[in-house]
Amino acid sequence: MSDLRRFEVTASLVLVAFLLVVGGGLIAAGHPRAVAGLVAGGLLGLANMVWMVGTAKRFVGFTPTARMLQVAAAVRFLTIAVLLGVVLIVSRVDPVGAVIGYGCFPIAAAVAGWRILRAQPGVTG
């Protein structure tokens, strides 16, 4: 399994686990309406991660220029921002829950990257 695929799978599992924990916390705190927003934001974060890994897979094999990386990142960022707006407007989910759910994506990516680095022998981090 390639490192990118391992990262994608690990980050997805960490994201789902984190969303379950946060969702349970929201329900326990008496905010069950925020769970729908949490799920919507989490799914959007998952889509962002899959897109990010797919872009990285396409760039493997040749050296991308800084301009190519900037354009790819800008297009992904703007598309995800528009999708978040559409989710908030059309589905009328709790905006705080959606932001929390989307905010779980970078945390899951950081945890997945840390776990992969720790699993490789000879890597200090």
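Modeller: The accessible surface of the protein chain is about 7,800 Å² (Shrake-Rupley method, 1.4 Å probe). Carbon and sulfur atoms hold 72% of that surface. This is a predicted model, where local features need pLDDT of at least 70, side-chain atom pairs need pLDDT 80 or more, and totals for chains, interfaces and linings use all residues. Residues are numbered from 1 along each chain as its sequence is written, and side-chain values use heavy atoms, with hydrogens and water left out.

Now to helix α1, residues 3-28, which includes T10. T10 counts as buried because its relative accessibility is 18%. Leaving out residues up to four places away in sequence, T10 touches A112 and R115 (heavy atoms within 4.5 Å).

The partner is helix α2, residues 34-59. The α1 and α2 axes lie 10 Å apart, at an angle of about 170 degrees (lines fitted to C-alpha atoms over the stretch in contact; angles run from 0 to 180 degrees between N-to-C directions). So α1 is roughly antiparallel to α2 (over 145 degrees). On the α1 side, the contact includes F7, L15 and L19. On the α2 side, L38, M49 and V53 are among the contact residues. By class, this contact has 17 nonpolar, four polar and three charged residues (nonpolar: Ala, Val, Leu, Ile, Met, Phe, Trp, Tyr, Cys and Pro; charged: Asp, Glu, Lys and Arg; polar: the others, Gly among them).

Notes: Helices (H or I, at least four residues) and strands (E, at least two) are DSSP runs, numbered from the N terminus. Buried means under 20% relative accessible area, exposed over 50%, partly exposed in between (1.4 Å probe, protein chains only). Angles under 35 degrees count as roughly parallel, over 145 as roughly antiparallel, 65 to 115 as roughly perpendicular and the rest as oblique.
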